[in-house]
Amino acid sequence: IAASSTRFPESSDADDEEKRFTVADILRRYGPEYVKKHRDEITSHQLKVLTELIQCRTRALGGQAWKCKNCGHKHLRFHSCRNRHCPTCGGPAKTKWLDRMLDWKLPVEYVHAVFTLPHELLLLIWVNPRLLYGLLFHSAWHGLSKRLRKRLRIATGAVMILHTWGQRMNYHVHVHCIIPVGGLSIDGSTWVDGLNVETFFETDTLADRFRAAYLAGLDRMHREGELTFPESLAHLADKEKFDAWLAPLRDK
C-alpha cells in the first residue's frame, strides 16, 4: 500500500511495547541541524545516504498493512532503504558476506595487517577519493605481494577492506588486510604453508614498501595532472612545493 493512501504512523515500530532507538532515530532528530551546519562539507553522495537512512522503515518509503482475518489485528510494515550503510538493513547482508568469506577460508593460520595513511594527506584524499583510496589498496598489496614473491617465493591473496573512520568516528583512512600464512609456489605447482609468522610478516619491511609505493603513486599522479587541489592546498599544484610538502612523510 502506498504511504500516501493510508494513515501510517511515523515508523513501523510505533506499536512496539518497548521503543528501541536506532541510528535512524538519531539521524531523524539531529540530522537536519547537522546538515544545515555542515552543508559545505557534505558531499551529494553522503547527503543521499543520510536521507535514505532517515527514511528507512518510515511511511516515506511506503509499506504494507497486514490484517488478521480471525482477530482483526493490524500490523504495519514499512519498506527498508536497503542502503549498505544502514545498520538495520546491512546486518543480514554483513552476515551473508561473512559466511561467504568463511567458506573460502583455508586450513592455515591467518594474519591481520592494517595500512594507515597519515592525517597530513586527509584533505587531499577527501577531494580525490576514488584515486587515492584506489592507490591505498594498490600500495598495500604491492607491499605484501612483492615481498612474498621475492623473499619466500610464493604467491598468495588477501581480503582487503577500506575504513575511512576511526573509533571516535573521525576521518581516518586505512585498509584492513586478512592474509593466509601460505600460498602457491611461484610456478603454481605446490602449496606452501607451515611458515613462521615472524618470517612471513615483517612489519618494518612492509611499512617501508607501502610508504614508498604510495608516495611514488602520488608523485606520478601529480606529474600527470590527475590530482585536484582544494583552495587551501592550491599552492601544491606547483611540483616543487608539492615535493616539499611530501618530504616529511617519507620518514613517517
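Reply: Happy to! This is a predicted model, and it holds five aromatic pairs.

Me: Why is the pair of phenylalanine 210 and tyrosine 214 called tilted?

Reply: Their ring centres are 6.3 Å apart, and a pair needs centres within 6.5 Å, so the two rings qualify. Their planes meet at 50°; under 30 degrees would be stacked and over 60 edge-to-face, so tilted is the label that remains.

Me: Where do phenylalanine 210 and tyrosine 214 lie?

Reply: Both belong to helix H7, residues 203-223. They are four residues apart, about one turn of the helix. Together with Phe115, they form one aromatic cluster.

Me: What makes phenylalanine 210 and tyrosine 214 count as buried or exposed?

Reply: The cut-off for buried is under 20% relative accessible area. Phenylalanine 210 has 8% and tyrosine 214 has 3%, so both are buried. Other buried residues in H7 include Leu206, Ala213, Leu218 and Met221.

Me: What covers the buried residues of H7?

Reply: The cover includes strand E3 (110-116) and helices H4 (122-127), H5 (129-152) and H8 (239-246).

Me: How do you know that the span of H7 agrees with its 21 residues?

Reply: At 1.5 Å a residue, H7 should span 30 Å. Its end C-alpha atoms are 30 Å apart, so the two values agree.

Me: And what follows H7?

Reply: Glycine 225 comes after the helix, with a positive phi near 70°.

Notes: Residues numbered from 1 in each chain as written. Predicted model: local features only at pLDDT ≥ 70, side-chain atom pairs only at ≥ 80, totals over all residues. Heavy atoms only, no water. Phe/Tyr/Trp six-rings, centres within 6.5 Å; stacked < 30°, edge-to-face > 60°. Helix = DSSP H or I, 4+ residues; strand = E, 2+ residues; numbered from the N terminus. Buried < 20%, exposed > 50% of the residue type's maximum accessible area, 1.4 Å probe, protein only. Expected span 1.5 Å × (residues − 1). Contact = heavy atoms within 4.5 Å.
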